[in-house]
Structures are given as structure tokens and as C-alpha cells.
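Please read this briefing alongside the sequence and the coordinates.

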Amino acid sequence: MKFSYTLLKKLVHEIKSKKDAIEKLNLHAFEAENLDGDSMEIKIPANRFSSCGGHFGIALELSALYGGKFQFPISNFPARGEALPRRQFPKRGLKKFDI
């Protein structure tokens, strides 16, 4: 699968260079190749596809290889235990018709 080095770098700040990330992946986890631009080809085995089939999964692996802490990007979701805000729908007045 093709992955964006720029996005992986945003998710894992400890990555020093694209070449270094490819080398770490080749030595410890997957087969990775350098492609033109900011793309990298990473071959994911079938048994690891569910956990590493996307950018977040590869970022988790890279953060473990670099010994860093992975944190998901900030989102608008409420903190654990808090309720989701209820969506307010516009009130529609019902018209009475005389038949």
C-alpha cells in the first residue's frame, strides 16, 4: 500500500527522515520501499492488515519503533464519559387545515 510520508511525519514527530523511517520499518516490521515524492510503499502481511491497514496503524508502529508516544490528532469529540451534544432541529409549526 502507498502511504504519505508527510502525514506520517505529522502523526509521529520523532521520525527523522523518510529514509530512516523506511529503514526502521524494514528492520523491524514490514517491507518498505521509497517512491517518488513523499510516498512510500509498505507491504503489509494479511495478518497485520486489520491493525496497520491505514496511516494511523503505521503511525502507531513507527511511534513504537522510535520509542515515542502516539497521540491521535485533536478532534471535536467530547472526552471519554461525556455525552455527545444533541443536535437541535428547527421547530416546524404544524398548520391546521379545515376540510
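The points below take the helix, its surroundings and the sheet in turn.

This is a predicted model, in which local features need pLDDT of at least 70 and side-chain atom pairs count only at pLDDT 80 or more, while totals for chains, interfaces and linings use all residues. Residues are numbered from 1 along each chain as its sequence is written, and side-chain values use heavy atoms, with hydrogens and water left out.

**Helix 2**
- Helices (H or I, at least four residues) and strands (E, at least two) are DSSP runs numbered from the N terminus.
- Lys18, Ala21, Ile22 and Leu25 are the buried residues of helix 2 (residues 18–28), where buried means under 20% relative accessible area, exposed over 50% and partly exposed in between, with a 1.4 Å probe and protein chains only.
- Viewed down the axis, these buried residues fall within an arc of 100°, so they line one face of helix 2; the arc is that of the directions from the helix axis to the C-beta atoms.
- The face turned away from the buried side carries the exposed residues Lys19, Leu27 and His28.

- Three strands form an open sheet of order 1-3-2 with antiparallel pairing, where two strands pair if DSSP finds at least two bridges between them.
- Strand 1 (2–4) and strand 2 stand at the edges with a single partner strand each, so one side of each is left without a neighbour in the sheet.
- Strand 1 and strand 3 pair in the antiparallel sense over three bridges, and phenylalanine 3 has methionine 40 in strand 3 as its bridge partner.
- Helix 2 packs on the sheet, touching strand 2 and strand 3, and its direction makes about 160° with that of strand 2; axes are lines fitted to C-alpha atoms, for helices over the stretch in contact, and angles run from 0 to 180 degrees between N-to-C directions.

Key: Contact means heavy atoms within 4.5 Å.
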